[in-house]
Amino acid sequence: MTKEKSITFIVPAYNEEKNLAATINAIYGITHKTNIDNFEILIINDNSTDKTKEIADNLAKKHKHIKAFHNETNKGLGYNFKKGVQLSQKNYITTVPGDNEVVPSTICDLINAIGKADLIIPYHGNMQDRPLLRRIFSRTFTLGINLLFFLRLRYYNDPVIHKAEVIKKYTIHTNSFAHQVEAIVKSKKDGYSHYHVPMKLQETGRRSSAFKPKRVISLLKDIAHLAWEIHIEKTILRDNQKLKPLARQFTKFCFIGLINASIDFLFYLTLTRIFNIHFIVANLCAFVIAVTSSFLMNKKWTFRDTGEGQAKKYIKFIITNLIGIGINTTILYCLVTYLGFYDIIAKIIAIFLTTFWNFSASRYWTFKK
């Protein structure tokens, strides 16, 4: 075994008392089949509430290649990956989930592909065996990331094999499921090559936690941050430090606007199609819900407002949005009626110009420091 193929296996584990030992046995089988002697297994116990901690410690005592680490609080998959990268002492790094979901032969195929590219990236070879909702989510997610970052990859999740010297160069900000997205996108944008290997998964019988609202929101937030870093900070604002705070706020404001436009639309459909509420009443209700959501998100994330008088600010925010609707309608009417614009194009222009009004009024009036 050559030094260049020494590997760190990061094993994140949260409540995996039934699967952790099997995962470790699978890794030992993988190293035997691929003739790897120089390896380490880093079990990262993410504050499990079952017997995962005791099992991890016993495995570490039994096997010289294993080290067990325990988080005092639940940190998330991305944090465990970053911690494993930081602790790694080998030349290649990969992640093997503690739920023993990945078929061992897949890991063998990934390891055997080392040397063909800087990144060895798996993709689903048996996607048809997964539940329909997960297939839709996975493919939509991959397509969205590819479009957002101008890439053509087939998958963005574990178990990717990274060169330690490459992955340790980057600061991974997220603690969410987006950690591999961030690592892969940053590597690809710096010109590192990749090689795809088909991956097979075996069902664990447990529901995925990836669809929980809190995790979905965290995922979207982290991807927005990554898009800001890649497309804005490293290009447009690279040499203009004074514009960064303002542009960052504007980007957050627009991102929240997209989210709440979706909320508005979904509530409108729910009220009219399911509860048969009159469309005017439904539209007003959806508007109030979306504006309230927008107020709370912009208050906490965009403008980081912690001052008093929140009721007064909420009223100001509603007034701002009502004026925005008036501006939007006026622009739309003028462009279509007097200038002969196609209504869809006019609508896009109206939204674009109204966004600047809403942002400026929010920053310099509603949430004025």
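The largest cavity of this predicted model holds about 90 Å³ of space. On a 1 Å grid over the protein atoms alone, a cavity is a set of points where a 1.4 Å probe fits but cannot get out, whereas a pocket is an open set with protein on both sides within 12 Å along at least five of seven lines; lining residues have an atom within 4 Å of a point. Grid points are joined across faces, edges and corners, and a volume is the space filled by probe spheres set on the points. By this rule there are 2 cavities of 30 Å³ or more. Because the model is predicted, local features need pLDDT of at least 70 and side-chain atom pairs count only at pLDDT 80 or more, while totals for chains, interfaces and linings use all residues. Residues are numbered from 1 along each chain as its sequence is written, and side-chain values use heavy atoms, with hydrogens and water left out.

Around the largest cavity stand Ala 224, His 225, Trp 228, Arg 248, Thr 251, Lys 252, Phe 255 and Trp 301. Helix H8 (213–236) and H9 each supply at least two residues of this lining, and H9 gives the most, with 4 residues. Helices here are DSSP runs of H or I with at least four residues, numbered from the N terminus. The lining divides into 4 nonpolar, 2 polar and 2 charged residues, where Ala, Val, Leu, Ile, Met, Phe, Trp, Tyr, Cys and Pro count as nonpolar, Asp, Glu, Lys and Arg as charged, and the others, Gly among them, as polar.

The second largest cavity contains about 50 Å³ of space. Its lining includes Thr 23, Ile 30, Asn 100 and Pro 104. Helix H1 (20–33) and helix H4 (104–112) are the elements that give two or more residues to it, and H1 provides the largest share, 4 residues. This lining has 8 nonpolar, 2 polar and no charged residues.

H9 also takes part in the second largest pocket, giving the most to its lining, with 11 residues. The pocket has about 1,100 Å³ of space and is lined by 31 residues, of which Gly 257, Ala 261, Asn 328, Ile 351 and Asn 358 lie nearest its centre. Helices H9 (244–274), H10 (279–302), H11 (310–337) and H12 (343–366) each give two or more residues to the lining. By class, the lining has 16 nonpolar, 13 polar and 2 charged residues.

Just after H10, Arg 304 takes a positive phi of about 45 degrees.
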